[in-house]
Amino acid sequence: MIKKFKFILFFYLVINVLNNSIGNEDFFNKGIELYKIKKYEDARFMFERSIVFNPKDSNSYLYLAKIYDEKEDQIKAEKNLDATLLIEPDNEEAILMTMKIALEKSNYSKVKDLSNTFTKVCKKLCEENKDILEALNNLEPKNNES
């Protein structure tokens with residue numbers, strides 16, 4: 001009798017764990033679908049639900065940052081990018097977005113630091129780093145001018 005009870009309990013726990021992990025994926029995938037059709041509020045809600053089930057889901061934080069970037073809420077975008085980079089320090093898309101925000105804020109030293117990191121982890125978006133560095137060189141005050 002006790003063996004049966006242990007087996008049923010174990011089976012229940014396995015099903016419950018699988019159900020939670022599948023549910024988390026559903027929230028993230030649904031969020032992606034909504035993001036693609038520009039239903040940002042609904043997508044935001046799905047990504048936030050995904051984070052509730054898996055607080056270490058860097059992709060959900062990244063998409064939240066993209067949504068807040070679309071809404072031009074730079075503070076929330078930065079917070080979500082920071083969370084993404086905390087979980088996944090070599091996420092090149094998050095580094096690139098952080099560089100663009102730092103460039104808009106004229107934080108040239110941060111852009112240079114992030115650029116160095118970006119060149120080390122770059123796989124897909126390497127060309128964009130060159131564009132940002134060119135923009136930085138055009139905007140940065142010249143030390144030689146007197």
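## Before you start

Residues are numbered from 1 along each chain as its sequence is written, and side-chain values use heavy atoms, with hydrogens and water left out. Since the model is predicted, local features need pLDDT of at least 70 and side-chain atom pairs count only at pLDDT 80 or more, while totals for chains, interfaces and linings use all residues.

## Helix 2 beside helix 3

Let us begin with helix 2 (residues 40–53) and helix 3, whose axes come within 9 Å and cross at roughly 155°. Helices here are DSSP runs (H or I, at least four residues), numbered from the N terminus. Axes are lines fitted to C-alpha atoms over the stretch in contact, with angles from 0 to 180 degrees between N-to-C directions. Helix 2 and helix 3 are therefore roughly antiparallel (an angle over 145 degrees).

The crossing of the two is left-handed, a term for a near helix turned anticlockwise from the far one by less than a right angle. On the helix 2 side, the contact (heavy atoms within 4.5 Å) includes Tyr40, Phe47 and Ile51, and on the helix 3 side it includes Tyr61, Leu64 and Tyr68. By class, this contact has 9 nonpolar, 2 polar and 3 charged residues. Here Ala, Val, Leu, Ile, Met, Phe, Trp, Tyr, Cys and Pro count as nonpolar, Asp, Glu, Lys and Arg as charged, and the others, Gly among them, as polar.

## Helix 5 and its two neighbours

Helix 5 packs against helix 6 (residues 108–121) at an angle of about 160°, with the axes 9 Å apart. That makes helix 5 roughly antiparallel to helix 6, and their crossing is left-handed. Among the residues that meet are Ile95, Leu96 and Met99 in helix 5, and Val111, Leu114 and Phe118 in helix 6. The contact divides into 9 nonpolar, 3 polar and 2 charged residues.

Helix 5 also meets helix 3: their axes come within 10 Å and cross at roughly 30°. Helix 3 and helix 5 are therefore roughly parallel (an angle under 35 degrees), with a left-handed crossing. Leu62, Ala65, Lys66 and Asp69 in helix 3 touch Glu93, Ala94 and Met97 in helix 5. By class, that contact holds 4 nonpolar, no polar and 3 charged residues.

## The two largest pockets

The largest pocket holds about 290 Å³ of space. A pocket is an open set of points on a 1 Å grid over the protein atoms alone, where a 1.4 Å probe fits, with protein on both sides within 12 Å along at least five of seven lines; lining residues have an atom within 4 Å of a point. Its volume is the space filled by probe spheres set on the points, which are joined across faces, edges and corners. Of the 16 lining residues of the largest pocket, Asp69, Met97, Lys100, Ile101 and Glu104 are the closest to its centre. Helix 5 gives the most to this lining, with 6 residues, and the lining divides into 6 nonpolar, 1 polar and 9 charged residues.

The second largest pocket has a volume of about 250 Å³. Its lining includes Leu62, Glu92, Glu93 and Val121. By class, this lining has 3 nonpolar, 1 polar and 6 charged residues.

Conventions: Angles under 35 degrees count as roughly parallel, over 145 as roughly antiparallel, 65 to 115 as roughly perpendicular and the rest as oblique.
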